[in-house]
Amino acid sequence: MGLKCDKTWIAVTCLLLTDTSLANEISPKIYSLSIAPNTLEIVLKKFSLTTQTIFTIDEKLIENKQSPGVYGDYSIPQALSYILTDTGLRAYQDQSGLYLLMASKKLEITDQDIITLDVLQVEANQEDYFTAKSVTSTDKKDIERFQPRDTSEIFNAMPGVHTAQSRQEPGVSINIRGLQDFGRVNAMVDGARQNFQRSGHGSNGSVYIDPNMLSIVNVEKGPASGVGGASVVGGVVNFKTLDVSDLIKSNETFGGRATVSSGTNGYDFIGHVATAGRLGESAAMVFAYSDKSLGDYEKGANGGNSSQSGESYWHGTSQFTGQEQRSILFKAQWTPVEKHQVKFTYLSFYAEFEEGSDTLEVGGLKNTDTLSSDTYSLAYQWLPDHDLFNVASRLYYVQTSNDQFRFETQETDLYGEFDVHYETETFGGSLENTSFWEWKDDSSFLSLNYGVEFYQDWTSPSAEQLTAGEGRASWFSGPTPEGERLVVSGFTQSQWSHDSGIDVSLGLRYDYFNLEGEGEIFVGAIDNPPGVRPTTTELYTNFHLARHQGYFLSQLHIAYQPIESLQLYLQVAEGVRPPAITESLMWGLHVGNTFPFFPNPSLKAEESKNFNIGFNVNIDRILSDSDTFHSKISWYENQLMHFIVQANVMGPAATDSRSLSAAFVNLLDDVTFNGTEWQMEYQWLPFIAKATWTHTRVGLGEGGYDPFPLGSLVGFPPSTFGEPNGGGLLYNLPPKYKGSLSLGLEFLENHLNIGGRLRFEDNDGRGGGSYENAVDWEVYDAWVTFDSFNDKKYRLNFSVDNLTDENYAELTGLSYWIAPGRTYKMSAKIKF
């Protein structure tokens, strides 16, 4: 199918967006670009390779033209505007979504100006399907469609990605291919690590962010080679917040949006407003505010364990699930002089909520919480006129604190009331450069990315007992210990790309960590005189820890595109995760003096060997001239040595194993995670289908470990702890099978969208005991979206979660909290 272009235009190439809805959306796909100034021909070729599109260029039309290149996160139209600076060309987008490059002086199009030229179409499709790695993402369009109650819901349809989230608090811990917590997965907000630590009956390592503040969420699975890959064995998740391009078009100086949402089943109110403005050509700003109010929700009434009588844990109201949240986002971008750009980002999250030991309709309140998380980030980019320099740097500071007021919880043997404070501070940064070398025959080029990144965490817990009782401050300050950890990483990655479709990448990284802290080791207890509270006095001895170590890691990545519609890739990568502050320094007693926690200062770092093979399929015009099919399939195996879990151990003064104690230990056998992931999208307007499927297998070996992490003062007495297949390991398994299927229809030139989604988990008995029925489930969702005909300035969105009111729980959910039942939602949005 030929394209029509003005015979007087200086036509270089044309881009056709097959999904016209993407062309009309304010926030299309965003690409991370680093292309140095060069001839326009070379810059366009590098842009093609980076965005996985195909260009054919008439050299006669662009000869002697120079381009300033482009560096940063941009959509295709934005990137082209930078690439074409001072070339006399501009990009024009017609109403069908077609992009044409033309002389900038040609501002009007008439039928008399149009002739047909033999110019190749270039399609801007979903980036995941053109990336030769195991990546997946979700954008603002999908986030808004389902109006998520909490952050974990935006990962519902991602293959290989799971979440652990207590529905009593707003934080989410991300699980990639069975790995989560303590930095195994690096979760970032605009490149700033979120490393908050708080111990409890659940995950350790939560992210706090309002989905309304997000533009796109990118997930890279497995060890990463560049910035963000330090001390990672599971993967990298980057939450990208709203930017100027998400709120106003390239020719606008001010605009924004306002959204109001409400619904049933505790989905009470969400209000959101976001604005953006450009101050001339050198500066831009973004401001956004969100307010969310959630109430206690009703659990599903059908299937699962809803038929069980007695305890209302399985049905009825899920107490302590109400929350109040507020978020603020501010961004300022400035180009003080040409080729230099500075961007400042501030994101604030605040929440008030309650937590209890169960979800029963009756029962005492356990504690009230206030949580605040503030992220500050300053980024700088320098783009000199040289292929050897594309410099990017970032500094960030993140402070997350959680204040708890813990009520009295016993009628006898009173614990007392407590004020508890948890706080994690993270200061980090990165500096990197990318260099390019072009072969003389233009058939291939070499890129080299190299740099350094670092981050340092400080944890600062405290607890104050307000009333007399059997409680101890060490119940709270010990299991989330005070300490600091520094990680410094230097990396380099070279990539050779050839026109034949071959890409080869070699990476090398050196990770160094330093860990320091102190605490107390429990050695016993003595009874106090009658009438004295508390009734016992615990005996401790002090300890201090200071250790450091370094590791060299390598990575190989090969991709090959034998035909236009098929791309194969292979990745072999090493990763390392040093022990975290909590894992090494944990001490004190479990709440209620149930059992002691012991530190393990000699923990070995987890070492990962990751193998990944997959392929992308992208086919156009299967059944018609307008349909498209995209598919991504991956198989992986991740083998970890010295895997760290919490287990039953012997204290240094213990004489038998009848008393329970716990510490983090290294497993003696390697732990293996392997599985298959698949995602697909087919579009033949007005019909759209999307599907994902994940199969995860976990091999924990025989589960043996050393039960004496601190040695023994009494001669290493016999113990059943640590024996192979002895049990007692505290590990949260991922779902065995997870999948989703979405079907949608677009009408009235994409002004009306309707659709439904099936999502499921099949755990093949992994829930165990009474939870087995609750964690094997199928849930149906539906949506209807209507955009006004006046340039889509107004939108109404209706959705239903859990249409059949299923009683279910995600396997990775904290203590298998039962999910919300049927929930109706409605939102209204206006763009201005």
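The following paragraphs go through a predicted model of one protein chain, from its overall make-up to single residues. Local features are reported only where pLDDT is at least 70 and side-chain atom pairs only at pLDDT 80 or more, while totals for chains, interfaces and linings use all residues. Residues are numbered from 1 along each chain as its sequence is written, and side-chain values use heavy atoms, with hydrogens and water left out.

The protein chain contains 8 helices and 43 strands; these are DSSP runs numbered from the N terminus, with helices being H or I of at least four residues and strands being E of at least two. Of its 832 residues, 57% are buried, where buried means under 20% relative accessible area, exposed means over 50% and partly exposed lies in between, with a 1.4 Å probe and protein chains only. The chain exposes about 33,100 Å², and 56% of that is supplied by carbon and sulfur atoms; accessible areas come from the Shrake-Rupley method with a 1.4 Å probe, and for residues only the protein chains shown count as cover. Among contacts with a separation of 6 or more, 70% are between residues 24 or more positions apart, a contact being heavy atoms within 4.5 Å.

Val189 has Phe239 of β16 as its bridge partner.

Phe182, in the loop between β12 (173-176) and β13, has a phi of about 55 degrees although it is not a glycine. Phe182 counts as buried because its relative accessibility is 12%. Ser231 lies in the loop between β15 (214-221) and β16, and this residue, also not a glycine, has a positive phi of about 60 degrees. At 2% relative accessibility, Ser231 is likewise buried.

The next topic is empty space inside the model. Rolling a probe the size of a water molecule over the atoms shows where such space is left. The structure holds 15 cavities of 30 Å³ or more. A cavity is a set of points, on a 1 Å grid over the protein atoms alone, where a 1.4 Å probe fits but cannot get out, and lining residues have an atom within 4 Å of a point. Grid points are joined across faces, edges and corners, and a volume is the space filled by probe spheres set on the points. The second largest cavity has about 360 Å³ of space. Its lining has 28 residues, with Ile143, Glu144, Arg145, Gln147 and Ser827 nearest the centre. The largest share, 5 residues, comes from α5. Elements supplying at least two lining residues each are α5 (140-146), β17 (254-263), β18 (267-279), β41 (777-787), β42 (794-801) and β43 (823-831). By class, the lining has 7 nonpolar, 10 polar and 11 charged residues; Ala, Val, Leu, Ile, Met, Phe, Trp, Tyr, Cys and Pro count as nonpolar, Asp, Glu, Lys and Arg as charged, and the others, Gly among them, as polar.

With 1% relative accessibility, Asp627 counts as buried. Leaving aside residues up to four places away in sequence, Asp627 touches Ile619, Asp620, Arg621, Ile622, Tyr682, Gln683 and Trp684. Its C-alpha atom is 9.6 Å from that of Ile688, 61 residues apart along the chain.

The loop between β37 (671-684) and β38 (687-699) contains Pro686, and the peptide bond from Leu685 to Pro686 is cis, with omega near 15 degrees. β38 pairs with β39 (residues 737-747) in the antiparallel sense over 9 bridges, and Thr694 stands opposite Lys738 in β39. β39 in turn runs antiparallel to β40 (residues 752-762), joined by 11 bridges, with Ile754 in β40 as the bridge partner of Leu745. β39 and β40 form a hairpin with 4 residues between them, and Leu748 in the turn has a positive phi of about 55 degrees.

How values were computed:
Two strands pair if DSSP finds at least two bridges between them. On a 1 Å grid over the protein atoms alone, a cavity is a set of points where a 1.4 Å probe fits but cannot get out, and a pocket is an open set with protein on both sides within 12 Å along at least five of seven lines; lining residues have an atom within 4 Å of a point.
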